2 protein chains.
Amino acid sequence: MLTIKQSQLLNYLIKKIEDSGTSPSYEEICIHLNLKSKSGIHRIVQGLVERDYIIKLNNKARSIYPKKYPNGKIYSTLKQDQDNEEPNNINTLSIPLLGKIAAGLPIEAIETANENIEVPISFLGKGKCYALKVDGDSMIEAGILQDDIAIIDSERQPTNGDIVVALIDEEDVTLKRFRKNGESIALEPANINYKTYIYGPNRIKVQGVLTSLYRHY
Amino acid sequence: MLTIKQSQLLNYLIKKIEDSGTSPSYEEICIHLNLKSKSGIHRIVQGLVERDYIIKLNNKARSIYPKKYPNGKIYSTLKQDQDNEEPNNINTLSIPLLGKIAAGLPIEAIETANENIEVPISFLGKGKCYALKVDGDSMIEAGILQDDIAIIDSERQPTNGDIVVALIDEEDVTLKRFRKNGESIALEPANINYKTYIYGPNRIKVQGVLTSLYRHY
DNA sequence: TTCAGTTGTTAACATTTAGTAAACATAAAA
DNA sequence: TTTTATGTTTACTAAATGTTAACAACTGAA
């Protein structure tokens, strides 16, 4: 969170760059903020660097680059053409948190779950994502525990070795490691107490690929 | 459940942040709540921290972050409503990502790491947090794998069973399960190939408690 | 290359603003 | 009653800001 002055300076910086294409000199900032000394500017700039809101090159004139807006959104010079579908500009996204997968229900059936979870975009995959609360211990040896939150990319194509959410026979949903061998698909648990099952191609629908995982203690 | 005043304060905090982008000073809160003294504010803020409704940075001006709404819902500024108000993004905090712990270096020694990571506030503990890249496999049976990102609350007191970052003999830093027995402290790995070591009270300094964990595939 | 002007960096100090703490009083809740 | 939440005052510490001045690094022209 920025202080008042830091916020003012950052706003001016962004405006100046968008207007003129160059970052302002300390003098110019002084004038704009009604100060008499560059020195204070230096300190405020320092503060903004520490807080990760700007990047600057040392000992270089006019070399301050904004990294975030005062409100914390990632700064991007790329102007999304006015009609921006992609909120490319936000650090976090709210995605639906589906409950624990109840056996016997395809994902779609529980998409009603109206709980959401806040996730940094860096956690997400490229496609549409949803979150899932892990039920059971079948993937324990892969470091996936009961009640972990799994973030699933529903549009990604699985490759061998990926951990996927699979719908079996339009009935059961489970989290397993995916391995395709010719036409048949193996779903491997990561728990010595569970067996690998192999299915014909028509019996499995992959509902998404595990992208990231989050656990709260 | 919050008290009246706590609830009022939290509401004002949220409103102020959404309006102006910065959290209010204690003085400003006083005015808003019709009080004559900052001191009471301080106490109420403490209460909100204890109840885990906000996060604050100690001794920093204007650095209170809401974590939940008064009703207990996770705080999120992202409005998925149609009205595309510019969403703020203050529900994340940038915390330092320390490199892998090199054996032989206390945490402080690597705090120079100038990488930062954006984390949703709800992932954080109550105290000052930092992130750590896990090195090694000593906690593998607790589902903590190589290269996972661990988020550590550096101010929380460990209780038995917590997973902590421990500094041994001012030299080695490791992630282990903490167990105190009388005066001595046991650091238990979660890997059958490693042994539990027991130390005298003066040999161990706990550098923080594991709060949450994140893994990217 | 040298030199002068511009701009950024640092230290020192003063001032204001902001957060922390203890002590005491009061009122409401358990 | 005992506990908890609250209101207030006072005092203190720390952070943020404003200012001056000397100096270092960079730039472009002579």
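I take helices (H or I, at least four residues) and strands (E, at least two) as DSSP runs, numbered from the N terminus.

**Ground rules.** I am working on a predicted model, where local features need pLDDT of at least 70, side-chain atom pairs count only at pLDDT 80 or more, and totals for chains, interfaces and linings use all residues. Residues are numbered from 1 along each chain as its sequence is written, chains are lettered from A and ligands numbered from 1 in the order in which they are written, and side-chain values use heavy atoms, with hydrogens and water left out.

**Entry 1: DNA strand D.** I looked up which elements each supply at least two residues of the surface near DNA strand D, and found helix 3 (38–50) of chain A plus helix 1 (4–20) and helix 3 (38–50) of chain B. There are 24 residues around DNA strand D, and A:Ser37, A:Arg43, B:Thr3, B:Ser37 and B:Arg43 come nearest. I sorted that surface by class (Ala, Val, Leu, Ile, Met, Phe, Trp, Tyr, Cys and Pro nonpolar; Asp, Glu, Lys and Arg charged; the others, Gly among them, polar). The tally is four nonpolar, ten polar and ten charged residues.

**Entry 2: phosphates.** Of the atoms of DNA strand D within 4 Å of the protein, 55% belong to sugar or phosphate, and the rest to bases. A polar side-chain atom of A:Arg51 lies 3.3 Å from one.

**Entry 3: chain A against chain B.** Using contact as heavy atoms within 4.5 Å, I found 34 residues of chain A in contact with 38 residues of chain B. The two chains bury about 3100 Å² between them, 57% of it on carbon and sulfur atoms; this is accessible area (1.4 Å probe) lost on being put together, summed over both. In chain A, A:Met1, A:Glu118 and A:Tyr217 lose the most area to chain B, together 24% of what that side buries.

Entry 4: I count one salt bridge between chain A and chain B, meaning a Lys or Arg side-chain nitrogen within 4 Å of a carboxyl oxygen of Asp or Glu. A:Lys68 forms it with B:Glu118, the closest N and O atoms being 3.7 Å apart. Two strands pair if DSSP finds at least two bridges between them; here, five bridges join strand 11 of chain A to strand 11 (residues 204–216) of chain B, running antiparallel.

Key
Near = heavy atom within 4 Å. Polar contact = N/O pair within 3.5 Å; in protein donor to acceptor, adjacent residues only side chain to side chain.
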